[in-house]
Structures are given as C-alpha cells and as structure tokens.
Amino acid sequence: METGEEALEEASRDFGRVFMKRPRAVARPHSVQDVAEIIRACSREGMPVTFRGGGHSQSGQSLSDGGVLVDMKGLDRIGDIEGDEIRVQGGVRWRDLVHRVYAEGFLPPALTTHLSVTVGGTLSTAGLSITSHRYGLQTDNVTELEVVTGDGRLVRCSPESHASLFDCVRCGLGQFGAIVEARMRLRRVLPRVRTYSLLYEDIRVLMRDLELISGTERFQYIDGWCLPVARDPWQVLSGELFAYRVFAVYLGVEWDDVPPDQDELLDDLSFTRLSGFRDYSTLPFVTRAENSSMSYGRLGDEAQLGSGTGTGSGGINWFDDWSQAHPCTEGVLPWGAFPSFITEMADQLPAPVARTARIMLGPFLCEHFTSPLFMHPPGEMIMGYGILIETPPEELDEVLPVLAAESRRIIAAGGKRYLSGWLDFDRPRWQDHYGDRWPRMVEWKREFDPRGILNPGGMPLS
C-alpha cells in the first residue's frame, strides 16, 4: 500500500476533473492473487475499495474518498490468440492489445476512441464504438471473465457458468467485482481503410441514409457529428456564435488489394455533398488518437457547404489534455425522437458550452446488444449522442448546469445515459435508469459484495 503524498495526490483526480477525492491508500497489484488478497483484507476491515484503470472516468467513478484505490494497470499480461479469441488481464491497455493482435491480422471488434483506457475499465462500463452498429459493445464480445468478488472470491464466469456474475460485472461499474481477466473475440481485419466524408443539411435525410447503411455490412465504421457553421465576425461579436449546424458522417470501409467501389457504396445515399475520401493503413486509423498527425480535424471549411475541399479529413480532434475538465454528457435515444431532440439542442445550446462542445452521433442496431445492464431504449435502432466538453476547471460553474439540463432532456426524450460520462444522479435517478432491473441488482450486490465495500461512490445499491 502506498500512502505518500505524491501517490495520493496523483490518485485524487480523474480525466473529468470535476471531482476530487483523496484515497486513504493506493494499492498496485501485479497478480490476480494480489487483487484477491487486497479485497479480502478490505472486506475484513469494512474498508471501501475502488478500482482504477486508465482513470478516464468523468464523474469520479475511478476515485476513492478515504478508501483504498486499487490501480489495476499492473495486471497487464496478454495471452496467445487461440482461434479467434484471446485472454487478457483486466489492466491491459487497449492500445497494447491492438498492437499485439494486429501483428497477426486481428482486431477487437469494438474499440473506444481512447485506447489508453483498460480492458477491465471499459468492460465495467460497456464500450461503445464507431463499429458497434455492426459488432455490438465491447462487453458483447466477451465470452468469459475471471472476477474477484467483494468478499475476495476468485470466480471464472461465462454464460454457461456463474451466469449471474457474468451478467452483472459487465456494465456493472465495479459494483459486484473486479474484472481481472477476460476472454474476448477477435475479428480478421484488412490492411487499409477508406473513409468517405459526407455532409448533410437535413437530419431526417441523414437518418434515412443511416438506416440504409446499418441494414447492410458495407461499412465497418460509422462516425457522425453535428458541426457548427460560423457566423461572420460581426455576428460573433454580437453574441451569435453559429449561423446553423450541419451533420457530417464518416463512413469507413476496410479493403485489401482492390479499392472500394464508390458508386456501389454511396449511390443510394442522399447526402448534400461528398467532401471526398481519405485512405489510411488500418493500424494508424484505429490508433489515430495516439498520433496527432493522424487525428481528425475540425473540418474547417468542410463545414461550409459547397466549398469543395477535395479529400475529407474525416472527424474531430480527440481530447488529450488532462489539465482541462471533461464533463462529457452522453446517451442513447429512441430513433424516432432524435430529429426533434437534436434540432432543439442546436438551437438552444448556451454559449459557454457551444464555444467548445463537440456533438457526436451514431446509429446502433439493438439486436447486437446482449449485455443485460447496458440500458437503452426499445426499438430496432437507437441513436447514440454526446456533448464532448473540454473546458478550464474554473468554467465548470457555467458548464455543469447546461449539461445537467441536457442529461434531463435525454431522459425526458425516452433515452438512457451512457454511464462513463459526467452524471448528476441521485438514488431515484439511478433507479429510474435501471427500471425493473434495479431490485435484481440490489440482490446481486448482497450476493457478490455483502459488506458493500466496492465502489461506494458510484450507484447506491447498498
């Protein structure tokens, strides 16, 4: 256990930088047995335990207030590929796994944007991806887990064995156990990716096209954004930030020796303008957040319809500044509710958020979602939505009320929050989020964490 000032201070902040919580001690296990011993010792003492991977939580989920913070990154072993599956420990960073399996022609089916997060961390949340329309969540691509429960038991679980534990630790926010190993599926990957940059003025036209695209397997990657078109300088000085917003979607297809047939891929779509395409090697494409030269730009004049920019850059810069606050607000909405929802947002987003907010969207097919604790609206398709924020911490007093209102709008529209972001949930909101699954979750908590020591700063199950 580390109790020095430097270790405790480093462990008191997460990527969100909204909350500060100071642990009593930091533990850095290097084996599954270490994790089990730490949890057993804390259980005997009634000491709270919080698990931390890459620390990319945005609402203090990976912080401990006076308890033991368990830094899981020492569990970093990657096994051999067996058929189309691989075993990895929970502290493995996704970027290390990607580099390891790509060398043999594979990738995990779903990858988050930031690859510096850990396997155990994203499996505890869900793991939405720009490939989830086709492959589901990261948690949907796990076939077996090894878990240390809140009373220190080491349990191997799967759909066939200890299925309740398997169901509740996936997307369970660390409430029922620590994921120390996962066996997950891989997919064969081609060496190149071509991304097409399409712009739309009408959200309903875009959604019709997304329905067409999602019903086929023509693209592995779908990445959508709502982009501002700036007013002239005089209007900006008068407080009017944007003339209007357009919608951009970046469609990525993998290929090998023969380039994709653009007419076959795009002819039935009704976009306003094709900004062009860009070719990548697949590994730099999926790891582009690590390499600023490969990062997507803000499109600049691509957002000015009709400007004709040639090949599109395809996306938005990713956040990498840990000195800034990142209280992102994400959710999934009913498909039919989204057009009016996004139009209202674009019209009403206040200036403190509109200056820096990056608005993402993406289609998902619900048939691919099998993780019981990933809560989403009913229907064949849903729309992912997020306001991604990077702001100085001193501006949080202006930004957080806006995001709280946006969170309530998501829920009022029949949507569900995605739980990796900034949350202002009290107990009734947690119960509303899980609905009729909440009583079963309380039972799981009693079964797998009888003393209620795991991640007590998260949802109030105990």
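On a 1 Å grid over the protein atoms alone, a cavity is a set of points where a 1.4 Å probe fits but cannot get out, and its lining residues have an atom within 4 Å of a point. A volume is the space filled by probe spheres set on the points, which are joined across faces, edges and corners. The model is predicted: local features need pLDDT of at least 70, side-chain atom pairs count only at pLDDT 80 or more, and totals for chains, interfaces and linings use all residues. Residues are numbered from 1 along each chain as its sequence is written, and side-chain values use heavy atoms, with hydrogens and water left out.

**Cavities**
- There are two cavities of 30 Å³ or more.
- The largest cavity has a volume of about 70 Å³; among its lining residues are C171, F374, Y418 and Y434.

**Nonpolar cores**
- A nonpolar core is a set of buried Ala, Val, Leu, Ile, Met, Phe, Trp, Tyr and Cys residues joined through side-chain atoms within 4.5 Å; buried means under 20% relative accessible area, exposed over 50%, and partly exposed in between (1.4 Å probe, protein chains only).
- The largest core has 63 residues, of which L145, F176, M184, F374, W430 and Y434 touch the most other members.
- Another core, of 47 residues, lies apart from it and includes L198, V205, I213 and M345.
- Leaving aside neighbours within four places in sequence, F374 is in contact (heavy atoms within 4.5 Å) with A126, L128, L137, C171, V332, F369 and Y418.

**Strand β17**
- Helices (H or I, at least four residues) and strands (E, at least two) are DSSP runs, numbered from the N terminus.
- Eight of the eight residues of β17 (residues 381-388) are buried, so the strand is largely enclosed by the rest of the structure.
- Two strands pair if DSSP finds at least two bridges between them.
- β17 pairs in the antiparallel sense with β15 (residues 329-334) over six bridges, with E330 opposite G386.
- β17 also pairs in the antiparallel sense with β16 (residues 358-365) over eight bridges, and there L361 has Y385 as its bridge partner.

**G414**
- G414 lies in the loop between α13 (396-412) and β18 (416-417) and is partly exposed, at 37% relative accessible area.

Methods: On a 1 Å grid over the protein atoms alone, a cavity is a set of points where a 1.4 Å probe fits but cannot get out, and a pocket is an open set with protein on both sides within 12 Å along at least five of seven lines; lining residues have an atom within 4 Å of a point.
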